[in-house]
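The sequence and structure come before the text.

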Amino acid sequence: MSLHVAGSIAQVKKIVTVRLQSAGIDTAHLDARLLVNHVVNRDPGWVVGNPEFVLSSSQWDHLESLVKRRERREPLAYIFGQKEFWSFDFQVNSATLIPRSESETLVQATLERLPRGRDARILDLGTGTGCLLLAILSERLDTKGLGVDNSLAALAIARRNAAELGFTARTVFRESSWFSALNADAEGGFEAIVTNPPYVKDEEMKTLAPEIINYEPEKALRGGVDGLDAYRQIFAGLPSFLCPGGLFVGEFGSGQVEAVRALAHDAGLAIMDVQNDLAGEPRIIVARTPKGGKK
């Protein structure tokens with residue numbers, strides 16, 4: 001049903017909801033409200049309080065184009081070009097994973113263990129939007145960070161987010177596949193390394209929601225047969241780049257906790273904690289180098 005047959009905001013929301021429900025979207029009511037709010041470009045409270053407001057012709061056309069995109073299961077974050085994380089709005093596009101609330105657990109785990117009151121350097125492996133690194137820097141004004149990614153398009157987004165949030169002076173973003181473009185002797189000695197690497201098993205890729213498998217970058221999702229290909233590369237390089245007692249915090253997938261523990265142990269790391277995500281699933285590993293880190 002075309003939106004142009006509707007009149008008020010209230011009527012438009014009902015039509016959009018029905019269309020999104022027909023497309024198999026479970027969050028149709030919420031998505032309809034967010035789409036209308038975005039197009040009207042008013043405070044959400046105003047939109048709720050003015051259900052009789054009639055959209056202009058240009059607003060009709062804009063909303064119709066956005067609804068069609070959502071009907072094709074494109075994520076709202078890509079449609080709007082941004083996603084909230086750690087109370088900040090991060091720019092996103094199809095070159096980057098969409099920041100997710102469970103990854104805030106990684107930020108919190110890092111902040112709880114990162115010493116205060118002294119200069120520190122953080123390395124963010126597979127930085128994407130830069131959301132992990134920038135969220136940490138927002139809470140630690142004496143900290144600087146390096147974010148690496150093998151996608152130039154993702155790095156452009158990360159730099160843009162750093163500039164928007166005022167962290168350009170404390171960040172560097174560089175093209176690298178994990179540690180491949182870094183020099184341990186010249187650049188090692190990080191106080192903390194954080195990562196949210198690809199960890200979806202090959203056989204699980206086909207079970208992902210259309211919003212994920214059809215739109216988010218596959219190379220940022222696919223982790224190999226057991227989902228741990230990236231972790232094997234990361235753990236191999238950690239001892240050369242972490243300072244003695246340096247902190248490692250990484251996100252992993254469902255059912256991978258014991259395998260990640262084993263890989264961390266084999267890399268010589270002392271495991272401090274495994275933290276659950278908001279759904280109660282083990283999601284974050286926290287470890288340190290004992291004495292064999294970068295000297």
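Tyrosine 231 counts as buried, because its relative accessibility is 0% (buried means under 20% relative accessible area, exposed over 50%, partly exposed in between, with a 1.4 Å probe and protein chains only). Phenylalanine 235, at a relative accessible area of 4%, is buried as well. Both tyrosine 231 and phenylalanine 235 belong to helix α11 (residues 229–241), where they are four residues apart, about one turn of the helix. Helices (H or I, at least four residues) and strands (E, at least two) are DSSP runs numbered from the N terminus.

The model is predicted: local features need pLDDT of at least 70, side-chain atom pairs count only at pLDDT 80 or more, and totals for chains, interfaces and linings use all residues. Residues are numbered from 1 along each chain as its sequence is written, and side-chain values use heavy atoms, with hydrogens and water left out.

## Aromatic pairs

Six aromatic pairs are present in the structure. In one of them, the ring centres of tryptophan 46 and phenylalanine 53 are 5.2 Å apart and the planes stand at 75°, so this pair is edge-to-face. Rings of Phe, Tyr and Trp (its six-membered ring) pair if their centres lie within 6.5 Å; planes under 30 degrees apart count as stacked, over 60 as edge-to-face and the rest as tilted. Tryptophan 46 is partly exposed at 25% relative accessibility, and phenylalanine 53 is partly exposed with a relative accessible area of 25%. The pair of tyrosine 231 and phenylalanine 235 is stacked, at 5.4 Å centre to centre with 25° between the planes.

One aromatic cluster is formed by Phe85, Phe88 and Phe90.

## Charges over rings

Tryptophan 46 also has a charge over its ring: the charged end of arginine 42 sits there, 4.0 Å from the ring centre. The criterion is NZ of Lys or CZ of Arg within 6 Å of the ring centre and within 35 degrees of the ring normal. Arginine 121 is placed over the face of phenylalanine 190, 4.2 Å from the ring centre.

## Helix packing

How do α1 and α4 lie relative to each other? The axes of helix α1 (residues 9–22) and helix α4 (residues 57–71) come within 10 Å and cross at roughly 20°; α1 and α4 are therefore roughly parallel. Axes are lines fitted to C-alpha atoms, for helices over the stretch in contact, and angles run from 0 to 180 degrees between N-to-C directions. Angles under 35 degrees count as roughly parallel, over 145 as roughly antiparallel, 65 to 115 as roughly perpendicular and the rest as oblique. On the α1 side the contact is made by Val12, Val16, Arg19 and Leu20, and on the α4 side by residues including Trp60, Leu63 and Val67. Contact means heavy atoms within 4.5 Å.

Helix α6 (residues 104–113) and helix α7 (residues 131–139) have axes that come within 10 Å and cross at roughly 40°, which makes α6 oblique to α7. This crossing of α6 and α7 is right-handed. Leu106, Val107, Thr110 and Leu111 of α6 meet Leu132, Ala135, Ile136 and Glu139 of α7.

## Positive phi in two loops

Tryptophan 86, a residue other than glycine, has a positive phi near 55°. Tryptophan 86 sits in the loop between β1 (82–85) and β2 (88–91) and is buried at 14% relative accessibility.

Tryptophan 178 is not a glycine either, and its phi is positive at about 55°. The loop that holds tryptophan 178 runs between β5 (171–175) and α9 (184–187). With a relative accessible area of 13%, tryptophan 178 is buried.

Threonine 195 is in strand β6 (residues 190–195) and is buried, with a relative accessible area of 0%. Leaving aside neighbours within four places in sequence, the contacts of threonine 195 include Leu106, Leu132, Trp178 and Tyr231.

Glycine 246 lies in strand β7 (residues 242–251) and is also buried, with a relative accessible area of 0%. Not counting residues up to four places away in sequence, glycine 246 touches Phe190, Glu191, Ala287, Arg288 and Thr289. Glycine 246 and proline 217 are 29 residues apart in sequence and 30 Å apart in space, C-alpha to C-alpha.

Definitions and conventions:
Left-handed = near helix turned anticlockwise from the far one by under 90°.
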